[in-house]
Amino acid sequence: MRSTWTGIGMLGLLLAPASHAAPPCAEPLAVARALFEAGTAARFLDAPDALLSAGFARAMADERECEEREQGICRLDHDPWLDGQDGEIDSEAAYRWLARSVAVGTVEVRYSVWGEPRRTRLAMRRQDDGCWRVDDLVTDRGLSLRGILEQPLP
């Protein structure tokens with residue numbers, strides 16, 4: 001009996017590091033929460049690329065470079081979380097995961113801006129490294145941020 005308990009204890013010790021070793025990017029809700037917090041604490045375009053898919057990060061970098069070069073607005077003329085130019089987020093965000101497959105899904109982020117409810121959807125894609133990353137942000141009005149950022153400049 002003692003050897004059985006010892007074996008179970010050893011098995012627990014062997015499995016514990018594996019269960020705690022999962023990176024934060026392994027959970028789509030954690031990635032969405034990190035993007036929301038980063039994107040509302042500063043300018044959305046300055047959100048960490050590590051939270052974004054390669055294509056979305058490239059589109060964001062192109063917009064940052066364009067804004068520096070033009071010293072003004074290029075394609076993105078509003079705050080995607082506010083879905084406008086003015087407003088203030090005045091509630092805690094609530095997150096809901098909607099899986100479409102093992103590699104694709106959406107996180108709905110619900111919050112309010114000046115008392116008005118907002119629902120922003122983050123298209124999530126699992127990357128080759130096993131991490132979930134945001135592939136697009138769709139505003140409450142249904143605007144695709146990646147679509148906006150990938151448009152050619154006029």
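## Burial in this model

A residue is buried when its relative accessible area is under 20%, exposed when that area is over 50%, and partly exposed in between. The structure discussed here is a predicted model. D135 has a relative accessibility of 15% and therefore counts as buried.

## The D135–R125 salt bridge

D135 pairs with R125 in a salt bridge whose closest N and O atoms are 3.4 Å apart.

The partners fall into separate accessibility classes. D135 is buried at 15%, whereas R125, at 38% relative accessibility, counts as partly exposed.

Another salt bridge joins E108 and R119, and here the closest N and O atoms lie 3.0 Å apart. E108 sits in strand β2 (residues 104-113) and R119 in strand β3 (residues 116-126), so this pair ties together parts of the chain that are 11 residues apart in sequence.

E108 has a relative accessibility of 5% and so counts as buried. R119 reaches 28%, which means that this arginine counts as partly exposed. Both residues also take part in a network of salt bridges that links R96, E108, R110 and R119.

## The E150–R146 salt bridge

E150 forms a salt bridge with R146, with 2.9 Å between the closest N and O atoms. At 47% relative accessibility, E150 counts as partly exposed, because the exposed class begins over 50%.

In total, the structure holds 13 salt bridges. Among them are the pairs E108 with R119, D135 with R125 and E150 with R146.

C66 is part of helix α3, which spans residues 54-70. Its relative accessibility is 1%, so C66 counts as buried.

Leaving aside residues up to four places away in sequence, C66 touches Q71, C74 and L153.

Definitions and conventions:
Residues are numbered from 1 along each chain as its sequence is written. This is a predicted model: local features need pLDDT of at least 70, side-chain atom pairs count only at pLDDT 80 or more; totals for chains, interfaces and linings use all residues. Side-chain values use heavy atoms; hydrogens and water are left out. Helices (H or I, at least four residues) and strands (E, at least two) are DSSP runs, numbered from the N terminus. Buried means under 20% relative accessible area, exposed over 50%, partly exposed in between (1.4 Å probe, protein chains only). Contact means heavy atoms within 4.5 Å. A salt bridge is a side-chain nitrogen of Lys or Arg within 4 Å of a carboxyl oxygen of Asp or Glu.
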